[in-house]
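Please study the structure shown below with its sequence alongside. The paragraphs that follow lead through it step by step.

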Amino acid sequence: MDLSIKSFEDYQKVYQHSVEQPEQFWDTVASSFVWKKKWNKVLDWNFKEPDINWFVGGKLNITENCLDRHLADKGDQPALIWEPNDPEEHHRAFTYKQLHQKVCLFANVLKNNGAKKGDRICIYMPMVPELAVAVLACARIGAIHSVVFGGFSAQSIADRIQDANCSMVITADGSYRGTKEVPLKNVMDDALVQCPSVKRVIVLTRSRTPISMIKGRDVWWEDEIKKVETLGMLNCPAEEMDAEDPLFILYTSGSTGKPKGVVHTCGGYMVYAGYSFQNVFQYQPEEVYFCTADIGWITGHTYIVYGPLAMGATSLLFEGVPTWPDAGRFWDIVAEYKVNILYTAPTAIRSLMQFGLDFVKDKDLSSLRVLGSVGEPINEEAWNWYHEHIGKKNCPIVDTWWQTETGGILISPLANVTPVKPCFATLPLPGIQPILVDEKGEEIIGNGVSGNLCIKFPWPGMLRTTYGDHERCRVNYFATYENLYFTGDGCMRDEDGYYRITGRVDDVINVSGHRIGTAEVENAINMFSDVVESAVVGYPHDIKGQGIYAYVILSRETDDDELTRKDISMTVSRIIGAIAKPDKIQFVSGLPKTRSGKIMRRILRKIAEGEVNSLGDTSTLLDPAVVDEIKNGRLS
Ligand code: 6R9
């Protein structure tokens with residue numbers, strides 16, 4: 001069945017229907033997928049506990065929808081195209097038939113190594129096709145994957161493995177990113193020292209850098225594939241999964257404590273990933289679709305792997321970075337593969353803009369039809385540059401707002417359907433009911449208003465829980481405002497009812513589209529031996545969107561401030577990963593606190609932003625002198 005919305009009128013009609021009769025609407029959408037057994041009930045929910053069940057009693061396997069169902073019609077069409085880090089290295093492509101075979105083989109490898117339905121498997125791999133294969137092979141046998149981004153430290157990996165009690169790890173010897181080589185297996189070895197639950201580590205050959213291989217625990221991917229081939233285990237039946245069985249865990253930062261393991265389930269996630277992919281990008285048969293994200297983030301899960309494959313698309317996977325060998329790399333890829341749809345992040349656009357038009361001007365970008373943006377608010381300059389120099393004013397830009405927790409895009413134009421406005425995520429997808437609320441949780445009605453963005457009705461792709469700690473899920477997302485899912489984002493709705501996301505209203509910083517919790521960075525800084533206390537805030541950064549500004553109290557004078565800053569950065573890098581390194585570290589003798597001992601972050605934020613003359617009300621401060629000292633020592 002064709003679920004594509006074709007015109008704005010059509011959208012308005014479908015949207016109306018989806019709000020008035022959500023169950024009927026999602027019943028129709030879900031019916032266009034392949035199920036082993038149909039559901040008895042579309043939806044059963046409350047936001048109080050929360051307890052959310054979609055397609056109750058339905059049975060399926062997502063990989064049958066991403067692979068098997070395309071074999072008859074699209075078996076010889078490329079499912080994945082892989083562009084390696086080094087443009088001189090051969091690219092690889094896999095048809096749906098080939099990808100199906102590879103997934104079945106590797107699924108049998110997993111089984112052969114003791115993995116079974118419900119087991120948690122940590123994946124820490126480079127952006128190579130085998131990463132997608134590993135993800136799909138887990139889904140094939142019903143194991144729950146937990147992909148950890150290649151830039152995280154050993155400590156972060158260990159935290160995630162322990163939290164989910166993973167029994168297996170899939171990794172690679174090393175990975176390439178531009179001129180850098182990352183020793184993935186070494187980092188993993190450091191993590192595994194703390195992870196006795198891991199009984200098996202499967203290691204893919206990528207860089208063939210020397211690594212340790214522990215007898216009885218570590219095995220090579222290639223050897224294991226040969227074994228199952230020799231045994232003739234070429235096919236792997238897809239495990240029957242309940243619609244509400246977990247499909248994967250993905251960790252994301254919040255405003256407090258350690259990252260949370262967001263849990264997505266098989267049925268609803270599949271339906272939402274496929275439906276949103278099709279409608280936002282308006283994918284046409286045989287088009288080449290290129291999402292530049294890493295599979296280690298939700299964007300890669302939903303819009304490199306599951307969404308595109310569920311809809312039979314050709315998805316391009318890129319191992320490298322936008323600026324190597326030069327700042328024209330994305331445009332070379334677009335020209336070489338005649339990419340029709342490009343989905344990237346504002347931070348990438350801003351970093352490429354700096355290099356000027358020399359890297360764009362001779363590139364053939366005529367194949368492009370749709371441009372997408374994700375991860376953070378896009379500023380007007382970047383929007384215009386993307387529109388003019390990449391889209392040649394011919395391609396709609398879909399500014400897609402969503403989150404790890406939402407599973408897929410919630411607010412976005414549908415390409416060539418929704419009239420766009422620069423920097424606006426525009427309107428909700430069918431089935432999505434956003435509302436704005438004030439501090440007290442009162443709904444803000446009408447247009448031309450701003451408030452905190454909430455969603456008042458469930459959608460199939462939403463998170464169900466946070467792994468191992470349901471209470472945390474309730475408190476974080478469903479307790480701030482009664483009967484609403486709270487996004488943590490601020491938002492305005494203009495005169496036309498269009499939504500514009502203004503950024504986080506909690507203590508989460510968005511650095512280059514990556515979510516980083518201020519508390520997490522503070523905890524890492526506080527682990528440095530000479531640190532007494534610290535406070536971390538975000539500030540506007542030309543390329544990254546937001547940068548990390550840290551105020552640090554030391555227990556003694558340093559001999560060399562610069563060196564101490566580097567030591568602190570190294571500590572953060574070790575504890576979390578290089579992505580969380582502070583951009584600025586200011587040493588202070590005290591922090592602005594209220595009489596009850598709460599740090600006044602509002603003041604620290606203003607100072608970091610350079611707005612030292614508009615600090616607002618400082619009358620509740622315990623020691624106002626501290627503010628003057630901080631203002632005077634501000635790093636510009
Ligand atoms: C998909 C993803 C989620 C946070 C989200 C918001 C910000 C994402 C945005 C956007 C403005 C957009 N965000 N897309 N802000 N416009 N189009 O990025 O998930 O990593 O969980 O981050 O990113 O602040 O709350 P995730």
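In this predicted model, Val552 has Phe587 in strand β30 as its bridge partner. The pairing to which these residues belong is that of strand β29 (residues 545-554) with β30, which run in the parallel sense over 4 bridges. Strand β30 (residues 584-587) is covered on both faces. Lys584 and Gln586 lie on one side, Ile585 and Phe587 lie on the other, and all of them are buried. In a regular strand, side chains alternate between the two faces of the sheet.

Which residues of α7 are buried? In this helix, which spans residues 154-164, they are Ala154, Ser156, Ile157, Ala158, Arg160, Ile161 and Ala164. Just after α7, Asn165 adopts a positive phi of about 55°.

Strands β6, β8 and β14 belong to an open sheet of 8 strands with mixed pairing, whose order is β12-β11-β8-β6-β7-β14-β15-β23. Strands β12 (218-220) and β23 (465-466) form the edges; each has a single partner strand, so one side of each has no neighbour in the sheet. At the β12 end, strand β11 (residues 200-204) is joined to β12 by 3 bridges, and the two run parallel. Within this pair, Val203 stands opposite Trp220 in β12. Helix α6 lies across several strands of this sheet, namely β6 (120-124), β7 (144-147), β8 (168-172), β11 and β14 (246-252). The helix runs at about 175° to β6.

Helix α6 (residues 129-141) packs on a second sheet as well, where it touches β4 (78-83), β5 and β17. Its direction makes about 30° with that of β5. This open sheet has 7 strands in the order β5-β4-β17-β16-β18-β19-β20, again with mixed pairing. Its edge strands are β5 (92-95) and β20 (397-400), each of which pairs on one side only. From one strand to the next, the twist averages 20°. Inside the sheet, strand β16 (residues 288-291) pairs with strand β17 (residues 314-318) in the parallel sense over 3 bridges. Phe290 has Leu316 in β17 as its bridge partner.

A contact between two helices comes next. How do the axes of helix α13 (residues 346-353) and helix α14 (residues 380-390) cross? They come within 10 Å of each other and cross at roughly 75°. Because this angle falls in the range from 65 to 115 degrees, α13 is roughly perpendicular to α14. On the α13 side the contact involves Ile349, Arg350, Leu352 and Met353, which meet Glu381, Ala382, Trp385 and Tyr386 in α14. By class, this contact has 6 nonpolar, no polar and 2 charged residues.

The loops hold several details of backbone geometry. Most residues other than glycine have a negative phi, and most peptide bonds are trans. Against that background, a cis peptide bond joins Glu49 and Pro50, with omega at about -10°. Pro50 is located in the loop between β1 (41-46) and β2 (51-56). Another cis peptide bond, with omega at about -5°, joins Trp324 and Pro325. Pro325 is placed in the loop between β17 and α12 (329-337).

Positive phi values are found in loops too. Thr426 is not a glycine, yet its phi is about 65°. This residue occupies the loop between β20 and β21 (434-437). Is Thr426 buried or exposed? Its relative accessibility is 0%, and therefore Thr426 counts as buried. Ser512, likewise not a glycine, has a positive phi of about 50° and is situated in the loop between β26 (508-511) and β27 (514-517). Because its relative accessibility is 22%, Ser512 counts as partly exposed.

Methods: Residues numbered from 1 in each chain as written. Predicted model: local features only at pLDDT ≥ 70, side-chain atom pairs only at ≥ 80, totals over all residues. Heavy atoms only, no water. Pairing = 2+ DSSP bridges. Axes fitted to C-alpha atoms, helices over the stretch in contact; angles between N-to-C directions. Contact = heavy atoms within 4.5 Å. Parallel < 35°, antiparallel > 145°, perpendicular 65-115°, else oblique. Nonpolar A, V, L, I, M, F, W, Y, C, P; charged D, E, K, R; others polar. Buried < 20%, exposed > 50% of the residue type's maximum accessible area, 1.4 Å probe, protein only.
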